[in-house]
Amino acid sequence: MRQRSLIAITAALAAGALTLTACGSRDSGDKGSGSGEGGGTTVVIGVDAPLTGELSAMGLGIKNSADLAAKTANKQSLVKGVTFKIEALDDQAQPSAGQQNASKFVGESEVLGVVGPLNSSVAESMQKVFDDAKLVQVSPANTGPALTQGADWQNKKVRPYKAYFRTATTDAIQGPFAAQYVYTTAKKKKVFVIDDKKTYGSGLAATFTGEFKKLGGKVVGTEHINPDAKDFSAVATKVKNSGADVVYYGGEYPQAGPLSKQIKAAGAKVPLVGGDGIKDDTFMKLAGSEATGDLATSVGAPVEDLPSAKQFVADYKAAGYKEEYSAYGGYAYDSAWSIIEAVKKVVDANGGKLPSDARAKVTEAMQGVSFDGVTGKVSFDEYGDATNKQLTVYAVKNGAWVTVKSGTYTG
């Protein structure tokens, strides 16, 4: 989004002049579009995210930000004759629900792209469904390397699905970036590594561990927790007895907050470090006052500090959403906008209308999408990964996340 100005959402628009929650007509034949207002074409952008449950703070930020992108494109009449609408489905952070949602989107001919999901484990259940239907998927939050580079990505990178893209960078970079900061800058040499056994958490913990050991650090203990657990007293005792001067946690804030609190309560006054999955204000509410000094890495630079994001922040506020845009708002906006740009490419190349094989053409066009977005330059490499590799370290101070360092991992 950057440099491309975003026109503010007017009160009339917010009141409903453009409704973005309904699907267009489903009897639109094979063109992948419905009948829009005034006889135009309706293109639906699906959104899949956890809209309820413990991770809903992030999921609702994704939904709202994608909604704002659609409203902005319509306000600008970016694609002549096309009205963009959002349809959001709740995956509850569960792979089975995500797969069902993917099938639902595939069955709706108006849907020409999907933003989401939040969780890498959910993405794994959706990728083949979308790829088989040639329906493009752009995640603002997935960081598992295997999603774009294959299960054996550390030895041989092979792109498994051409319909899958993401605007967030991967744990192949985020884990080592955190390790370099913890070992070199924070001067922590002995780590206790914990993960939640899920795709995201275990993958992130593994890439952190590899780099930390490579730098000369020592892993003094490891543990895997149940992602539904709340009592971590046994793990906390192990951390205290291990002599660790830092804890690295691969997982998300619903468990990271209580884990941090219980580790401190057990007498281990050491910082807990995690990835973008813990970088939400809810973490501090769960971790309590002793969370001060805990650290998190997250993809990109803080939206509030980016000149390119000022319009997004202002427009989001003006639109009156009840929830914050959270950690992935800017990336969700960029994900939705990339789909909009791909649709524009296809429409422009087809004489101002959508072709009969619109989904396949939009997926193909996505590979060449490039624009100045909210999070910086948005484009994709040969694996569908974001070319923007910037990351940031945050620390808890006075009950809030504050920026410590932004940069790019150099291995």
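In which sense do strand β11 and strand β14 pair, and over how many bridges? Strand β11 (residues 295-299) and strand β14 (residues 390-397) pair in the antiparallel sense over 5 bridges; two strands pair if DSSP finds at least two bridges between them. This is a predicted model, in which local features need pLDDT of at least 70, side-chain atom pairs count only at pLDDT 80 or more, and totals for chains, interfaces and linings use all residues. Residues are numbered from 1 along each chain as its sequence is written, and side-chain values use heavy atoms, without hydrogens and water.

**The seven-strand sheet**
- The open sheet has 7 strands, ordered β8-β7-β9-β10-β11-β14-β15, with mixed pairing; strands (E, at least two residues) and helices (H or I, at least four) are DSSP runs numbered from the N terminus.
- β8 (218-224) and β15 (400-408) each have a single partner strand, so one side of each edge strand lacks a neighbour in the sheet.
- Within β14, T392 is the bridge partner of S298.

**Helices on the sheet**
- Helix α8 (residues 233-242) packs on the sheet and touches β7 (190-195), β8 and β9 (246-250), where contact means heavy atoms within 4.5 Å.
- Helix α9 (residues 253-265) lies across β7, β9 and β10 (272-274).

**Strands β2 and β3**
- Strand β2 (residues 41-49) pairs with β3 in the parallel sense over 9 bridges, and V47 stands opposite A88 in β3.
- In strand β3 (residues 82-90), 7 of the 9 residues are buried, meaning under 20% relative accessible area (1.4 Å probe, protein chains only).

Conventions: Buried < 20%, exposed > 50% of the residue type's maximum accessible area, 1.4 Å probe, protein only. Axes fitted to C-alpha atoms, helices over the stretch in contact; angles between N-to-C directions.
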